[in-house]
Amino acid sequence: MSPTPTTKRQKRGEGQWALGYREPLNPNERSKKDDNPLNVRARIENIYAHTGFAGIDPADLRGRFRWYGLYTQRKPGIDGGRTATLEPEELDDEFFMLRVRIDGGAVTTDQLRVIGEVSRDYARDTADITDRQNIQYHWIRVEDMPTIWRKLEDAGLTTMEACGDSPRVILGSPVAGIAVDEVLDGSPAIDEIRRRYVGDPRFANLPRKFKTAISGLPDVAHEVHDVAFVGVEHPEHGPGFDVWVGGGLSTNPMIGQRLGTWVPLNEVPEVWAGVIGIFRDYGYRRLRNRARLKFLVKDWGAAKFREVLETEYLKRPLIDGPAPAVPDQPRDHIGVHEQKDGNFYVGAAPIAGRVSGSTLVAVADAAEKAGSHRVRFTPLQKLIVLDVARSEVDRLKTALAGLGLQTDPSPWRRGVMACTGIEFCKLAIVETKARAANLVSALEDRLKDITGDVTTPISVHINGCPNSCARIQTADIGLKGQIVTDGDGNQVEGFQVHLGGGLGLDAGFGRKLRGHKVTAEDLPDYVERVVRNYVADRKPDERFPQWVARADEADLT
């Protein structure tokens, strides 16, 4: 009797539309198929603003609201140990976080004043500068959304696709158009992408979020975006952009890959649409945790991705191009710097992006008194005032300092970032913003004797959960919030430590000390100890990530 032939097991589909997998594969995909998420605005304005929180359909509340920048915020009093054990409705407060989409971080002083007034009048004066150059409010009521939209949109601002499975806010250089050393100004490409594609139904249903960066300088964390265009000088064609795809952080961090192409400024929107089209059509939709572009790029490789982009989407070859220059140290735009027109820009540091609406209104007033009408937010949770005459610089610095915005901050204030944390975020496990402020204060006091020896700020990024909204894997000292056991056996807030991550010359994710956990209470002691070990042991001109790579583990714990 002949043996029964074995049947080759068919590989399970990943939910890629281009390969025929169109059926809904998870609750998020079903929700988007049931209704275009952009339609939710009409229901907010015509129904939910009148019925209040209790009348909101759950599919809208925890899904489609995000396409207009709205997330339910965390109900107060729920400790981090319960984050993963409760149902979404048990975590929901009846208030919202709201993100104002600010592509390139660029606002006029008139727009900044409106942002501040909305915060003051509708968000209990809350306003955080995010590391995506947005402003995030808290304590928003759904009843107030029609009025908030009217005020923002009258000022030329929007919340459309600030969240959701859509093209999120585009990062741009905070000094675009004014920096002495930029290759070219990427702002026209950002403006054109926003004009053509934000709110376009063709790109409103992606497998997951899609993050873009466009800059004539390497100052927007381009290595960790879904797609990034970085200024580069081509030896034959002149200034243009190098294209990177497939970067991202969270629980599976990946550095983006160069496609090896050179793209002129006027072609950036077309190439961008091709890349996001590939993500829409070939992106993985079956499993939510594999639905980012980085997984497709990892599986395909840069060469195949470029081939598909050229043959199926652009219908033409792209020009080969050189890699962009790699900065020798991070650029945060803090302090006073000359612009290419002879004026100055002044960069100031709040602590971990925490400001207020009243502060932002006062910044607008101070900028205008100094003769400026332009302000920009940075990808490091800072802000800068542009176009300041030399004679007005000192007065502006004094005014900003009076608002708690230092233009010559300590390296600890300068290098700290933090996500929203347990104060408002339903995913968070630990507190972050207040902890960042306390840490900065403690380090400024404890490390006075060596502050002059830290010529490059040592970045400390604090995250409330594993999702890395504060980019912990690319920080000198990255702290991932979790519940840990203290010396007395109690379960308390604490952190897993990542050391020596970075971008630019130090692009990579550093060392993860898996067995080493730090309680929140011990955090200032720990950071002080590691910084002192670095200063004592480093070689001449050795950067913190270089030292971490060779240091004994005893010096890192």
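## A buried histidine and its partner

The side chains of His138 and Asp128 make a polar contact at 3.2 Å. A polar contact here is a pair of N or O atoms within 3.5 Å; within protein, one atom must be able to donate a hydrogen and the other to accept it, and residues adjacent in sequence count only if both atoms are side-chain atoms. Please keep in mind that this is a predicted model, in which local features need pLDDT of at least 70, side-chain atom pairs count only at pLDDT 80 or more, and totals for chains, interfaces and linings use all residues. Residues are numbered from 1 along each chain as its sequence is written, and side-chain values use heavy atoms, with hydrogens and water left out.

You can find His138 in strand E5, which covers residues 135–140. Strands (E, at least two residues) and helices (H or I, at least four) are DSSP runs, numbered from the N terminus. His138 counts as buried because its relative accessibility is 1%. Buried means under 20% relative accessible area, exposed means over 50%, and partly exposed lies in between (1.4 Å probe, protein chains only). Beyond its neighbours within four places in sequence, His138 is in contact with Gln73, Phe96, Met97, Ala123, Thr126, Asp128, Thr420 and Phe424. Contact means heavy atoms within 4.5 Å.

Now look at His516, in strand E21 (residues 511–519). With a relative accessible area of 17%, His516 is buried. Leaving out residues up to four places away in sequence, His516 touches Phe495, Gln496, Val497, Tyr526, Leu556 and Thr557.

In soluble globular proteins, nonpolar side chains tend to be buried together. A nonpolar core is a set of buried Ala, Val, Leu, Ile, Met, Phe, Trp, Tyr and Cys residues joined through side-chain atoms within 4.5 Å. Which members of the largest nonpolar core touch the most other members? Among its 54 residues, they are Ile44, Phe65, Phe96, Ile135, Tyr137, Ile140 and Phe377. A second, separate core has 39 residues, including Phe229, Trp272, Leu293 and Leu318. Not counting residues up to four places away in sequence, Ile140 touches Leu70, Phe95, Phe96, Leu98, Tyr122, Ala123, Met145 and Ile148.

Leu19 sits in the segment before helix H1 (27–34).

## Salt bridges

Side chains of opposite charge can pair when their charged atoms come close. A salt bridge is a side-chain nitrogen of Lys or Arg within 4 Å of a carboxyl oxygen of Asp or Glu. How many salt bridges does a search of the whole structure find? The search finds 50. One of them joins Arg194 to Asp103, with the closest N and O atoms 3.8 Å apart. Arg194 lies in helix H7 (residues 187–197) and Asp103 in the loop between strand E2 (92–100) and strand E3 (106–108), so this pair ties together parts that are 91 residues apart in sequence. Arg194 is partly exposed at 33% relative accessible area, whereas Asp103 is buried at 5%.

Glu192 and Arg195 also form a salt bridge, their closest N and O atoms being 2.5 Å apart. These two residues are separated by about one helical turn because they are 3 residues apart in helix H7. Glu192 is partly exposed, at 23% relative accessibility, while Arg195 is exposed, at 60%.

## Backbone angles to look for

Most residues other than glycine have a negative phi, and most peptide bonds are trans. Asp125 has a positive phi, near 65°. Asp125 is in the loop between helix H5 (109–122) and strand E4 (126–129), and is partly exposed at 24% relative accessibility.

Ser468 is not a glycine either, yet has a positive phi of about 60°. Ser468 belongs to the loop between strand E18 (460–463) and strand E19 (477–485). Is Ser468 buried or exposed? At 5% relative accessibility, Ser468 counts as buried.
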